[in-house]
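The following exercises ask the reader to work through a set of contacts in a protein model. Each task is followed by a solution in steps.

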Amino acid sequence: MAGEDPSRCTEIRPCLALVKQFPANLSVAQAQAIARKLDFPPWQEKFPRANPRTVRSLPPGADFKKIKKAMTMTQHVGELNPPVRLMLTPGPSSVDPRVYRALATPLVGHMDPWFKGCMDETQVLLRQIFQTENRITMPLSASGSGGIEASVVNVLEEGDEAIVAVNGVFSERMYEIATRASSKVIKVEAPYGKPVAAEDVRRAGKGKKIKMIGLAQGETSTGVLTRIDAFRKVADEFGALLVVDTVASLAAVPLHVDRERVDICFSGSQKAISAPPGMSPITVSPAAEEVFRKRKTKVQSWYFDLTTAMNYWGKDRLYHHTPPISLIFALREAMRLVIEESLEARWERHRINQLALIAGLDAMGLKLLAENPADRLPTVTAVMVPAGVDEVKLRDQLLDEFNIEIAGGFGPLKGKIWRVGLMGYCSQKANVLLFLAALEKCLTDQGFRVGSGAGVGAAVKNYCHAEAAAVVSR
Ligand SMILES: Cc1ncc(COP(=O)(O)O)c(C=O)c1O
């Protein structure tokens, strides 16, 4: 708290002026007395980046607006120095050091002939990861939500009928975006923790001219996996396009865009591909391209009009917008890592690590939101918060004590679940074991009884079985 030094009087006055009911011309003693009584934070707390010299130069009695402006305009920002976290979240995931190196590669122009070759390579890798030969295959300059937006607004025009299968926040987002493109969108829902039944979609669309069926292969908000094939059948019956969100599943869960005849498939760079956030890979089938060609109206979004965006990513390489070149470098390197590992090995790695995690959680007496093992998304495990345990406090402790970040639930699941991500670079044996040990410590600190080492022990056993089975099958 300030002493009797008149220059420091100004440090209390602005704070008191903040609460408005106090005049700015209080004496030092009055100001101190009130501040102490109110336990009012000193100016450093209100303006943590304030430059002390600026604060001292303010005349006593300066009004709050002037003080705020002076502090804001002269605040000091230090060099970037983030903590090193283990991001076991539902995205973004930690990235391989090779991806950081690619991110720091010197820039070239987006119309540079060399960069055009780099774009070719990026598209080659994307086609391999999507398992497609689709002409329109590119990374959108957008996060995963941009992928949803682009998919939906290129297909739907006002009056078109569509169905979106909703079983969580992200499929709900697709529905919300679709309703902005057409007023005739039907939502078919499943309870959180379960996939939507394709049969319910069939029933909802009966007798209608359904143009699009949308779903999330991996619903990140609930940790639920939806199998695509049954929806493809229903889409065929309706003559509809199938749009699939693979933001949380691409490169972690089996997917063959051409073989499974997904018409539009999009993802996000920051999850199982393990590149930084900011790009949304997308691929479009010839059938969907035909639908784009037959549109009666222009796509409502200029930026996400895939036909014009392909002028840049297609053979002409014509300027459309300036893409995030460094992110493309990083995405390219992350995808090279995927292909070096092989898709099949990567799918298996995600499966095995989640099984070990689940074995550990089970041994610790914890339950999962998705009760049916076949419905569990390998990248995100939604764990029920046990009675008597403070959900937020536990996550805070994991972060403070172990540098591990996990996520909580959204909407109706807020406070009820934790979401543990094991995606891409983060889906590693060492991370599973560290997480289970850290979780045991945090649960124990909250008085939740866990058998000592039970989680880690069960996970280790699981790994040993999986490795032995792999040797036998070789
Ligand atoms: C399945 C799914 N779809 C869409 C999104 C939206 O992606 P973004 O947050 O990158 O816009 C997310 C994000 O977590 C997601 O998990």
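At 47% relative accessibility, arginine 135 counts as partly exposed. The model is a predicted one.

**Exercise 1.** Identify the salt-bridge partner of arginine 135, and state where the two residues lie.

*Solution.* Step 1: arginine 135 forms a salt bridge with glutamate 289, with the closest N and O atoms 3.0 Å apart. Step 2: glutamate 289 belongs to helix 12 (residues 286–293), while arginine 135 is in the loop between helix 7 (113–130) and strand 2 (136–140); the pair links distant parts of the chain, 154 residues apart. Step 3: the relative accessibility of glutamate 289 is 11%; buried means under 20%, so glutamate 289 counts as buried. Step 4: a network of salt bridges links Arg135, Glu289, Glu290, Arg293 and Lys294.

**Exercise 2.** Determine which parts of the chain the salt bridge between glutamate 333 and arginine 98 ties together.

*Solution.* Step 1: the two side chains meet with an N to O distance of 2.7 Å. Step 2: because glutamate 333 lies in helix 14 (residues 325–341) and arginine 98 in helix 6 (residues 97–103), the pair ties together parts that are 235 residues apart in sequence. Step 3: glutamate 333 is buried, at 10% relative accessible area, whereas arginine 98 is partly exposed, at 22%.

**Exercise 3.** Describe the placement of the salt bridge between aspartate 236 and arginine 232.

*Solution.* Step 1: their side chains meet at 2.9 Å, N to O. Step 2: both residues lie in helix 11 (residues 229–238), 4 residues apart, about one turn of the helix. Step 3: an α-helix has 3.6 residues a turn, so residues three or four places apart point the same way. Step 4: arginine 232 is buried, at 8% relative accessibility, and aspartate 236 is partly exposed, at 36%.

Notes:
Residues numbered from 1 in each chain as written. Predicted model: local features only at pLDDT ≥ 70, side-chain atom pairs only at ≥ 80, totals over all residues. Heavy atoms only, no water. Salt bridge = Lys/Arg side-chain N within 4 Å of Asp/Glu carboxyl O. Buried < 20%, exposed > 50% of the residue type's maximum accessible area, 1.4 Å probe, protein only.
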